[in-house]
Amino acid sequence: MNISFTRVTLRGFLIILLSSLMVFSAHADKRFHVEHLATGLGVVWGMDFVSEHQLVFTQRSGEAGVLDIQTGQVTWLAGLPAVAAIGQGGLLDVKFLRNDGHNQAWLYFTYSYPDEFGARTALARAQLPDLARLNQLKNWQDLLISESSTGSGQHFGSRIAFDDQGYVFFGVGDRGERQQSQNTANHIGTIMRLHLDGRVPKDNPFVDNPAVLDEIWSFGHRNPQGMAFDFQTGRLWSNEHGPRGGDEINLIQPGENYGWPLVSQGKEYWGDRAIGVTSKPGMVDAVKVFTPSIAPGSLLVYRGEAFPQWQGSLFSGALALRHLNRVTLNEQGKAISEERLLTDLNERIRSLSVDLAGLVYFSTDSGKIARLRPID
């Protein structure tokens, strides 16, 4: 690989030289090892596999790289746009799409797009180059710069998911202006569905409604932080931050209102006062509520082979309560149990991914990427 386009984190390089992959000594779970792959990477907000051994990741500060999970080497990508790295904003999610129907492979990104008022959430895509020769992203396209501009540095969302019908979904939070989540004349507090090239599908639920923007798939969300499509069941899942309590996992249905801020199981930060009501006719209740808040950082539907006992589980990284959260669902998609893993690491777990073997990868806000490997 051309070293002029490659930067290797010093600690990651020393780990490779001294001990191959390091197992966290503090970890005590007897079902799996925690293998340390990289450190010193800042807040790794999103990540996804682009090949068997290459994991693309974003840093909220505005950089993106590709980690070789065999060597620990990082190739930093050029050609990214300027981002508004303010508060919770910056370069956010990344997802790899191997084939868009025209034999083209793309990296999809969400990021906080700077404007004259502050920033708004945008969905974009670019083509990944041959990393053996160059690191410059090709053909950058802003697919949708959402109508979500505020001066706040809060609640940009935003995760990306693809379904099995050739559509892309992404979400935007309430941007610190909670009442806007019920205002469908903008994209604040919504999940959107688009064609892979950014066009609006003609069968989106509000296309013929002049009071609702055509891109909107669902609304009434506070701050979607995870999104995952289950190809086995055809279900689209999202999790989102509540206020003080009331984090949610939601089953996303077209055209539905998820209630925020009229419906919430959380309270105001400044006192023992409920926000809205806990349920309301015509609005969708959460499948799972976390009180106190775990502050979910991502969402993964597990369908791998490495951990057969976890089939169909929903995994969320937890930022505030610092663990990996596993929720078991029944066949009807109802949450029936919860397990909290990796509590001994004391890490804010943000992004999740899984490789072809079914090994689970996670990032931490302390700049680490690690994975779970079953104990034989």
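Biologist: In the hairpin of S21 and S22, which residue takes a positive phi near 80 degrees?

Modeller: The model is a predicted one. Strands S21 and S22 pair in the antiparallel sense over 6 bridges, and Val327 stands opposite Glu338 in S22. The hairpin has 5 residues between the strands, and the residue with that positive phi is Gly333.

Biologist: Which residue in S21 is the bridge partner of Gly317?

Modeller: Strand S20, residues 314–318, pairs with S21 in the antiparallel sense over 5 bridges. These two strands form a hairpin with 4 residues between them, where Arg322 in the turn has a positive phi of about 55 degrees. The bridge partner of Gly317 is Leu324.

Biologist: Are the residues that point either way from S21 buried or exposed?

Modeller: In a regular strand, side chains alternate between the two faces of the sheet. From S21, His323, Asn325, Val327 and Leu329 point one way, whereas Leu324, Arg326 and Thr328 point the other way. Of the 7 residues in strand S21, 7 are buried. On either side, the residues are therefore, by the cut-off of under 20% relative accessible area, buried.

Biologist: Which residues lie nearest the centre of the largest pocket?

Modeller: The largest pocket has a volume of about 1000 Å³. Its lining has 18 nonpolar, 8 polar and 9 charged residues. Among the strands that each supply at least two lining residues are S3 and S7. Of the 35 lining residues, those nearest the centre are Asp48, Lys95, Phe231, Leu300 and Val354.

Notes
Residues numbered from 1 in each chain as written. Predicted model: local features only at pLDDT ≥ 70, side-chain atom pairs only at ≥ 80, totals over all residues. Heavy atoms only, no water. 1 Å grid on protein atoms, 1.4 Å probe; cavity = no way out; pocket = protein on both sides within 12 Å on 5 of 7 lines; lining within 4 Å. Points joined across faces, edges and corners; volume = space filled by probe spheres on them. Nonpolar A, V, L, I, M, F, W, Y, C, P; charged D, E, K, R; others polar. Buried < 20%, exposed > 50% of the residue type's maximum accessible area, 1.4 Å probe, protein only. Pairing = 2+ DSSP bridges.
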